[in-house]
Amino acid sequence: MAKIQANPSGTRSIEVSEQHLKTIEKYLLLSDLVDSHGYVDEQVLDKLRFNIRALLESEAGRDKDLLDLCLDVVYHPNMKAFGLQQLYHCYQEWRQHNADELASLTEAQQGTPFN
């Protein structure tokens, strides 16, 4: 379990679990979310929320992990643009730390046999 800072002063935080990060990875929720300027603002947070809302309305909406991510993190009362930027950094660190495991999962999903 990790805590991300939800505001610049550090008085608010949001807890992010390993399962939340795995769900972000599963649905590629943070890829292509930020424009080329790299600035995270409230519009980027709204874009993420719209993307997740569309997933929830589809077949993927039956995924308990996706719903938990929404309730615990994305729609958390303290989640603002600053918190989303911190979530993005947390996710990137988690991906780097778990790169080997994620690579083997990707191979398995693409049908490449394990050696």
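From the N terminus on, the elements of the protein chain run β-β-α-α-α-α-α. That makes five helices and two strands, taken as DSSP runs numbered from the N terminus (helices are H or I, at least four residues; strands are E, at least two).

Some ground rules. This is a predicted model, where local features need pLDDT of at least 70, side-chain atom pairs count only at pLDDT 80 or more, and totals for chains, interfaces and linings use all residues. Residues are numbered from 1 along each chain as its sequence is written, and side-chain values use heavy atoms, with hydrogens and water left out.

Now the helix pair. H2 is residues 42-57 and H3 is residues 64-74. They pack at about 150°, axes 11 Å apart. Axes are lines fitted to C-alpha atoms over the stretch in contact, and angles run from 0 to 180 degrees between N-to-C directions. H2 and H3 are therefore roughly antiparallel (over 145 degrees). Who makes the contact, meaning heavy atoms within 4.5 Å? From H2, Leu48, Arg49, Ile52, Leu55 and Leu56; from H3, Leu66, Leu67, Cys70 and Val74.

Next, burial. Of the 115 residues, 34% count as buried (under 20% relative accessible area, 1.4 Å probe, protein chains only). Asn98 is buried, at 11%. Where does Asn98 lie? In the loop between H4 (81-97) and H5 (99-109). Its side chain reaches the backbone oxygen of Trp94 at 2.9 Å.

Residues 24 or more positions apart account for 61% of them.

Conventions:
Buried < 20%, exposed > 50% of the residue type's maximum accessible area, 1.4 Å probe, protein only. Polar contact = N/O pair within 3.5 Å; in protein donor to acceptor, adjacent residues only side chain to side chain. Parallel < 35°, antiparallel > 145°, perpendicular 65-115°, else oblique. Contact = heavy atoms within 4.5 Å.
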